Amino acid sequence: MSVTILAIESSCDETSAAVCRDGQILTNYIAGQAIHEQYGGVVPELASRAHMQHIVPVVDVALKQAGITTKDLDAIAFTQAPGLIGSLLVGTSFAKSLALALDKPLIAVHHMQAHVLANLIADPAPVFPFLCLTVSGGHTQIVLCRSPLDMEVLGETLDDAAGEAFDKSAKLLELPYPGGPLIDRHAKNGDPNRFVFPEPQIPGLNFSFSGLKTSILYFLQEGKRNDPDFVTRNLDDICASIQHRIVTILLHKLGRAAKETGIRDICIAGGVSANSGLRQALTDLGARRGWNTFIPAFQYCTDNAGMIAKTAWYLYQAGKFAPLSISPSARAEWA
Ligand code: KG4
Ligand code: ZN
């Protein structure tokens, strides 16, 4: 008998619902929230309000796209942690209510584990054990994944996430939020070696991006002192140089993790894995080192319920269900 799971993702500013049957994603519907653009970042209170407006229609569309009704569901999954607490609360309450109404089991999913397992949606998929560099607006982690439910964080950021480094750099360049994709676009026409930003010397497999942000700030102040149009005149080269430094920081640590563990199946995940410089640099490094590299399809890189559904399928098979009394958690502790 086949198993059909509805999954809900609402940890930040994307309301998403997905349906999977026996681990195959039937649909992955994502509604973004444009309202945050004018504020230069995600406003938590507005995010939870938008989730409340979106959640019913988003689930409705996902069920229709999958060609099913709630009667066909065998379990309801949701993102339990980490994320913005008000946003998580909307998805959690919705999932709990539906599970109660349908008398079906509830599955709580850790958002960061789901980002890693997004790599298993594609075919061919990485072989266990594999390494995953998860790079998003909120997190930067190198994860050793031994099996779907056995993961270990080998290193993570001590301050800003890689996506934050992109977005904060973009803000200094007066580009709108989220600036990561815009830096990527300008970088395509720029010289990555024109300006040199320092690489932080952080021990082990951890990352730090706060020093980079400060050095960019001073660099721009100095440039503008000599030429008020410094940024507009050099935007492509500045973006290419910033992107180059963020990518080299990420790949140096990933290369080190691969060397230390001897693992050759190497993945990336999270919103920043959409960055064309990172994708190209990973492919090039992988070719030089003899790695098998994997990057999820774009819809599974940024926040999405498809990855929650995939993870829920493994939890379902392991019999790991959540009680109806479960609460969301903003904290990122690894399950
Ligand atoms: O995974 P995600 O959608 O949401 C979080 O869980 O944070 O990641 C969003 C982050 C933002 O910081 C955004 O600027 C960044 O991913 N991002 C990019 C690109 N596309 C999205 N950063 C650099 N280049 C891109 N092409
Ligand atoms: Zn995420």
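Start by selecting ligand 1 and the 19 residues around it; Gly 137, Asp 167, Asp 184, Gly 271 and Asn 275 come nearest. A residue counts as near if one of its heavy atoms lies within 4 Å. This is a predicted model: local features need pLDDT of at least 70, side-chain atom pairs need pLDDT 80 or more, and totals for chains, interfaces and linings use all residues. Residues are numbered from 1 along each chain as written, chains are lettered from A and ligands numbered from 1 in written order, and side-chain values use heavy atoms, without hydrogens and water.

**Polar contacts**

Here a polar contact is a pair of N or O atoms within 3.5 Å. Select Asp 167. One of its polar side-chain atoms lies 2.6 Å from an oxygen atom of ligand 1. Go to Gly 271, where a backbone N or O atom lies 2.9 Å from a ligand 1 oxygen atom. Then pick Asn 275: an N or O atom of its side chain is 2.9 Å from a nitrogen atom of ligand 1.

Now show the surface. On its own, ligand 1 has 550 Å² of accessible area (Shrake-Rupley, 1.4 Å probe), and the protein covers 88% of that.

**The shell**

Colour the shell by class: five residues are nonpolar, 11 polar and three charged. Gly counts as polar in this scheme. Next, colour by domain, with bounds from an automatic or database assignment. Domain 1 (4-116 + 300-317) and domain 2 (126-295) both contribute shell residues, so ligand 1 lies between them.

**Backbone stops**

Which peptide bond ending at Pro 82 is cis? The one from Ala 81, with omega about -15°. Pro 82 is in the loop between β4 (75-81) and α2 (85-102). Helices (H or I, at least four residues) and strands (E, at least two) are DSSP runs, numbered from the N terminus.

Move to Phe 128 and Pro 129. Their peptide bond is also cis, with omega near -5°. Pro 129 belongs to the loop between α3 and β6 (130-135).

Finish at Asp 103, in the loop between α2 and β5 (106-110). Asp 103 is not a glycine, yet its phi is positive, about 55°. Most residues other than glycine have a negative phi, and most peptide bonds are trans.

Terms used
Polar contact = N/O pair within 3.5 Å; in protein donor to acceptor, adjacent residues only side chain to side chain.
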